[in-house]
Amino acid sequence: VAPCLPPGRGLQAGAVTHVRCKLEDGASALEDLLGDELFDCVVCDANIHPLALIAIVCSELVGRLVNSNALLNLTVKLTNGKDVPKEVLEEKLKEGGYEMISYRWLFSNGRKERNLVCRRVRRVRSA
């Protein structure tokens, strides 16, 4: 899910389906696409504040689309060059039913990016 065009290379035909929109605008299209299935893996490179990204990941919207034990690979953007403390991100993820596996600066990340990998450990029911 992304409003931009997907890369033209490096993707196996049929292995990836690109839905051209923002996540919050494409939830019904994704639910239609999935049918009774759920995502086992999510890769996200959203250009938003880290806490806003975590809020979306932990939202009911994403909760309807992501399987238990699903892996999420997120690119976290640093705002104003400042990192949100790992402990803050980890606590917000935990509150939303996710376990942080790693949070690091990868060689492929820009100076103002970090890579966060987490796993869904429980479904959070809404009231």
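This is a predicted model: local features need pLDDT of at least 70, side-chain atom pairs count only at pLDDT 80 or more; totals for chains, interfaces and linings use all residues.
Two strands count as paired if DSSP finds at least two bridges between them. The protein has four helices and four strands. Along the sequence they follow the pattern α-β-α-α-β-α-β-β. Of the 127 residues, 32% are buried. Among contacts with a separation of 6 or more, 63% join residues 24 or more positions apart.

**The sheet**

- The four strands form an open sheet in the order β1-β2-β4-β3, with mixed pairing.
- β1 and β3 are the edge strands. Each has a single partner strand, so one side of each lacks a neighbour in the sheet.
- On average, neighbouring strands are turned by 15 degrees against each other, direction ignored.
- In general, strands of a sheet pair through backbone hydrogen bonds, in a parallel or an antiparallel way.

**Strand β4 and its partners**

- β4 spans residues 113-120, and seven of its eight residues are buried.
- Strand β2 (residues 66-77) runs antiparallel to β4, and seven bridges join the two.
- Within that pairing, Leu72 has Cys118 of β4 as its bridge partner.
- Strand β3 (residues 98-104) is also antiparallel to β4, with six bridges between them.
- Tyr98 is bridged to Arg120 in β4.
- Met100 stands opposite Cys118 in β4. Cys118 is also the bridge partner of Leu72.

**Helices on the sheet**

- α2 lies across β1, β2, β3 and β4. The helix runs at about 165 degrees to β2.
- Helix α4 (residues 86-95) packs on the sheet and touches β3 and β4. The direction of α4 makes about 155 degrees with that of β3.

**Leu53 in helix α2**

- Leu53 belongs to helix α2.
- Its relative accessible area is 3%, so Leu53 is buried, the cut-off being under 20%.
- Leaving out residues up to four places away in sequence, Leu53 touches Cys44, Ala46, Ile48, Leu74, Thr75 and Val76.
- Thr75 is 22 residues from Leu53 in sequence, and the C-alpha to C-alpha distance is 9.4 Å.

**Leu30 in helix α1**

- Leu30 sits in helix α1.
- Leu30 is buried, with a relative accessible area of 3%.
- The contacts of Leu30 are Val1, Val19, Leu23, Phe39 and Leu65, not counting residues up to four places away in sequence.
- His18 and Leu30 are twelve residues apart in sequence and 10.0 Å apart in space, C-alpha to C-alpha.

**Arg114 in strand β4**

- Arg114 is part of strand β4.
- Its relative accessibility is 14%, so Arg114 counts as buried.
- Arg114 touches Leu74, Thr75, Val76, Leu78, Asp83, Tyr103, Arg104, Trp105 and Asn109, again not counting residues up to four places away in sequence.
- Leu74, Thr75 and Val76 are among the contacts of Arg114, and they are also among those of Leu53.

**Asn69 in strand β2**

- Asn69 is placed in strand β2.
- Asn69 has a positive phi of about 70 degrees, although it is not a glycine.
- Most residues other than glycine have a negative phi.
- Asn69 is partly exposed, at 48% relative accessible area.

**The largest pocket**

- The largest pocket has a volume of about 1300 Å³.
- Of its 44 lining residues, Val1, Ala2, Val43, Cys44 and Asp45 are the closest to the centre.
- α1 (23-34), β1 (39-44), α2 (50-57), β2 and β4 each supply at least two residues of the lining.
- The lining divides into 32 nonpolar, eight polar and four charged residues.

Terms used. Residues are numbered from 1 along each chain as its sequence is written. Side-chain values use heavy atoms; hydrogens and water are left out. Buried means under 20% relative accessible area, exposed over 50%, partly exposed in between (1.4 Å probe, protein chains only). On a 1 Å grid over the protein atoms alone, a cavity is a set of points where a 1.4 Å probe fits but cannot get out, and a pocket is an open set with protein on both sides within 12 Å along at least five of seven lines; lining residues have an atom within 4 Å of a point. Grid points are joined across faces, edges and corners, and a volume is the space filled by probe spheres set on the points. Ala, Val, Leu, Ile, Met, Phe, Trp, Tyr, Cys and Pro count as nonpolar, Asp, Glu, Lys and Arg as charged, and the others, Gly among them, as polar. Contact means heavy atoms within 4.5 Å. Axes are lines fitted to C-alpha atoms, for helices over the stretch in contact, and angles run from 0 to 180 degrees between N-to-C directions.
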